[in-house]
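Have the sequence and the 3D view open side by side. The report below goes through salt bridges, a sheet and a pocket in turn.

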Amino acid sequence: MRVFLLRRDCPENGIYTLSEKEKNYLFRVLRLNINDVFTAKDSKEQYYKAFLFDSETITLEKTDSPEETLLDNLSSYKGPFVPVYAFIAVLKGKKNEMEIRALTEIGVKKIVLMETEFVQSPLSQHQKERLGAIIREAVQQSGSAEPELAGPVSFQEALKMKEGKLLILHQSEIRKTEKLSDALCNMNTDDAISFMIGPEGGFSDRECNMAIEEGAIPVLLSTNILRAETAAIYTASAIQALLQN
């Protein structure tokens, strides 16, 4: 379901002053009018019945029935999402933006940016702030829970941050490689799973071996050759589809 994502916590008096960007979204993008009622959500997943009081403010009232005042009749998935942790290498240009937008919409729990051996461009503070803004936009569009964004961290640090079963997606020849479906067998929607995607050119053999020594399962996707950003989106989607059905 599509909701209005609050950029700040709700004040105790329930009167929320809109920023210029929020006003633009409500009046120009959604084309709402004064006195319209809609559903809002904060970063703690608390829902509110929002009333557009005037051109500057809305009033917020907590609600346990957000469906009653949705911005549209689109419905998001109501069941449990698999707790997926995506570890993705920093990519060139705007590739991470597309990747992170899609991962947010898919419903991953956490996104960790990595600086691996073959990463070609470091991530600036401005670029990371831009990625945070893209996550919020994707949450507002899709109704998903806002994932945590961490990093960039080194590959070694990333290995220590994994949650649950760890998969490393690779392109080189590695013994005992598994298919994604086999790696996920005997798992359910409550089990955390982490997956690692390398940069353009993939992981180095040293990084693959290091991950395997830490218990990671090497996975080779049964697909055509995928770009790094496509591989991350494909993997997150496949994990959700395989474990939720």
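Glu200 and Lys95 form a salt bridge, with their closest N and O atoms 3.4 Å apart. A salt bridge here is a side-chain nitrogen of Lys or Arg within 4 Å of a carboxyl oxygen of Asp or Glu. The pair links distant parts of the chain, 105 residues apart: Glu200 is in the loop between strand E10 (193-197) and helix H6 (205-213), and Lys95 is in helix H2 (residues 95-106). Helices (H or I, at least four residues) and strands (E, at least two) are DSSP runs, numbered from the N terminus.

Glu200 is buried, at a relative accessible area of 18%, while Lys95 is partly exposed, at 23%. Buried means under 20% relative accessible area, exposed over 50%, and partly exposed in between (1.4 Å probe, protein chains only).

## About the model

This is a predicted model, in which local features need pLDDT of at least 70 and side-chain atom pairs count only at pLDDT 80 or more, while totals for chains, interfaces and linings use all residues. Residues are numbered from 1 along each chain as its sequence is written, and side-chain values use heavy atoms, with hydrogens and water left out.

## Other salt bridges

How many salt bridges does a search of the whole structure find? The search finds nine. One of them joins Arg8 and Glu22, whose closest N and O atoms are 3.9 Å apart. Arg8 lies in the loop between strand E1 (4-5) and strand E2 (15-17) and Glu22 in helix H1 (residues 20-29), so this pair ties together parts that are 14 residues apart in sequence. Arg8 is partly exposed, with a relative accessible area of 37%, whereas Glu22 is buried, at 2%.

Glu45 and Lys41 also meet through their side chains in a salt bridge (3.5 Å, N to O). Elsewhere, a network of salt bridges links Glu20, Lys23 and Glu56.

## The sheet

Strands of a sheet pair through backbone hydrogen bonds, either parallel or antiparallel. In this model six strands make up an open sheet with parallel pairing, in the order E8-E7-E6-E10-E9-E11. Two strands count as paired if DSSP finds at least two bridges between them. At the edges stand strand E8 (148-154) and strand E11 (217-219), each with a single partner strand, so one side of each has no neighbour in the sheet. From one strand to the next, the twist averages 20 degrees (axes are lines fitted to C-alpha atoms, and angles run from 0 to 180 degrees between N-to-C directions).

Strand E7 (residues 110-115) runs parallel to E8 and is joined to E8 by five bridges. Ile111 stands opposite Leu149 in E8. Strand E8 also contains Gly151, which is buried, with a relative accessible area of 17%. Gly151 and Ile111 are 40 residues apart in sequence and 8.6 Å apart in space, C-alpha to C-alpha.

## The second largest pocket

The second largest pocket holds about 320 Å³ of space. On a 1 Å grid over the protein atoms alone, with a 1.4 Å probe, a pocket is an open set of points with protein on both sides within 12 Å along at least five of seven lines, and lining residues have an atom within 4 Å of a point. The volume is the space filled by probe spheres set on the points.

Which residues lie nearest the centre of this pocket? Of the 20 lining residues, they are His170, Gln171, Leu221, Leu226 and Ala231. The lining divides into 11 nonpolar, seven polar and two charged residues (Ala, Val, Leu, Ile, Met, Phe, Trp, Tyr, Cys and Pro count as nonpolar, Asp, Glu, Lys and Arg as charged, and the others, Gly among them, as polar).
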